[in-house]
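My notebook is open, and I want to look up a few things in this fold. I'll jot them down as I go.

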Amino acid sequence: MTISTAKASLGNSTRKAKTLKNMRPKILLTSGTFVALALTAGLFYIFDIPPFKGEGVIRAEDVCVSLGNRTAAASALKEILPGKSSYSFDNETTDPRTDKRDDSYENWCFIYGDGDQLLSVRSEMLEYEQVDGWVAEAVAQGGSVAGFERFTAGDKAVVSSRVAAVYVPCTSEGSSRHLSVIVRLKKHGDADASELRPSLITLAKGAATYAHEAAHCELPSKVSG
C-alpha cells in the first residue's frame, strides 16, 4: 500500500467515525420525542381529553325514574341514541296530581349527550273528545299523521321513527281525562326506522305505566309489557 492510499483510507475512516458520532444525538432526540408523544397520548386517554375521549355509558341507575323500568329503558336508549362521551338525565314532575279531584299532571324527562338534547318524554293530563284529535294536535303537532303506525297500548298508541305516544285512561272525573305520554327522539345513532320503533315503544310504555301510577289514576291503564 502506498503512502497516499493509506492516507486516503485513514481519511475515510475518520469521516465515517464523525458521521456516526453526529448521528447519535439525532437518534437519541428522535427516541426522546417518540417517548414524550406516547406519554402525552396516554395522559390524554386517561383523562378523557379529545381526541381520545371515551364513549359514555348509559346506566340503568342514571335513567329518569319516570321512564318506568329503568333497566328496560337503558337498553332501549342504547339501541337508538348516538354515541356520546357523556350522557345526562333531567327528570322533573312540574305539576303533581295529589288526588282524584285534581285535574292536572305533568312530568318531563330530558336526555342529553355532550350537552345536546337527544330525547324528551312528556307525560301530562289532557282531555280530547276524539282520540284522533289528540294524535293530530298533541302528537303530530299539526303536521302530517301519515308516518304513524298504531300499536297496542292505552286507548290509542302511535309510533313513527321519531315519536312514540300513548293515550292512557286515567280518571272518570271530567268527560275524558287521559294521560298523554309522548316520547320524541331528537337525534339518533345508526339504527334504521325498523329498529327505532320497537325501542321508542318500550320507552313510551314504560313512561305510561309510571305516569299512570304517579298520577293516581283510577281507571285501568290498558298498557301491558
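Before I start, one cut-off to keep handy: a residue is buried when its relative accessible area is under 20%. Also, I'm looking at a predicted model.

**Entry 1: disulfides**

I searched for disulfides and found two. A reminder to myself: a disulfide is a covalent bond between the sulfur atoms of two cysteines.

One is the pair Cys 170 and Cys 217, with sulfur atoms 2.0 Å apart. Cys 170 sits in strand S6 (residues 163-171) and Cys 217 in the segment after H4, so this pair links distant parts of the chain, 47 residues apart. The angle about the S-S bond is -85°, and the link is left-handed. Is Cys 170 buried or exposed? Its relative accessibility is 0%, so I count Cys 170 as buried. Cys 217 has 13%, so Cys 217 counts as buried too.

The other pair is Cys 64 and Cys 109, whose sulfur atoms lie 2.1 Å apart. Cys 64 is in the loop between helix H1 (3-46) and helix H2 (70-80), while Cys 109 is in strand S2, so the bond ties together parts 45 residues apart in sequence. Here the torsion about the S-S bond is about 80°, so I wrote down right-handed. Cys 64 is buried at 2%, and Cys 109 is buried at 0%.

Counting bonded cysteines along the chain, I get the pattern 1-2, 3-4.

**Entry 2: strands around S3**

Next I followed strand S3 (116-127). S3 pairs with strand S2 (residues 106-113) in the antiparallel sense, over eight bridges. In that pairing Ile 111 stands opposite Leu 119 of S3. The hairpin of S2 and S3 has two residues between the strands, and Asp 114 there takes a positive phi near 55°.

S3 also pairs with S7, again antiparallel, over nine bridges. I picked Glu 124 and found its bridge partner in S7, Ser 180.

**Entry 3: the largest pocket**

How much space lies in the largest pocket? I got about 180 Å³. Its lining includes Trp 108, Gln 117, Ala 138 and Lys 186. Glu 124, from my last entry, is one of the lining residues as well. S3 gives the largest share, six residues. By class, I noted five nonpolar, three polar and four charged residues in the lining.

**Entry 4: one serine**

Last, I checked Ser 199, which is in helix H4 (residues 193-214). Its relative accessibility is 8%, so Ser 199 is buried. Leaving out residues up to four places away in sequence, Ser 199 touches Ala 76, Glu 79 and Ile 80.

Technical notes
Residues numbered from 1 in each chain as written. Predicted model: local features only at pLDDT ≥ 70, side-chain atom pairs only at ≥ 80, totals over all residues. Heavy atoms only, no water. 1 Å grid on protein atoms, 1.4 Å probe; cavity = no way out; pocket = protein on both sides within 12 Å on 5 of 7 lines; lining within 4 Å. Points joined across faces, edges and corners; volume = space filled by probe spheres on them. Helix = DSSP H or I, 4+ residues; strand = E, 2+ residues; numbered from the N terminus. Nonpolar A, V, L, I, M, F, W, Y, C, P; charged D, E, K, R; others polar. Buried < 20%, exposed > 50% of the residue type's maximum accessible area, 1.4 Å probe, protein only. Contact = heavy atoms within 4.5 Å. Pairing = 2+ DSSP bridges. Disulfide = S-S within 2.5 Å.
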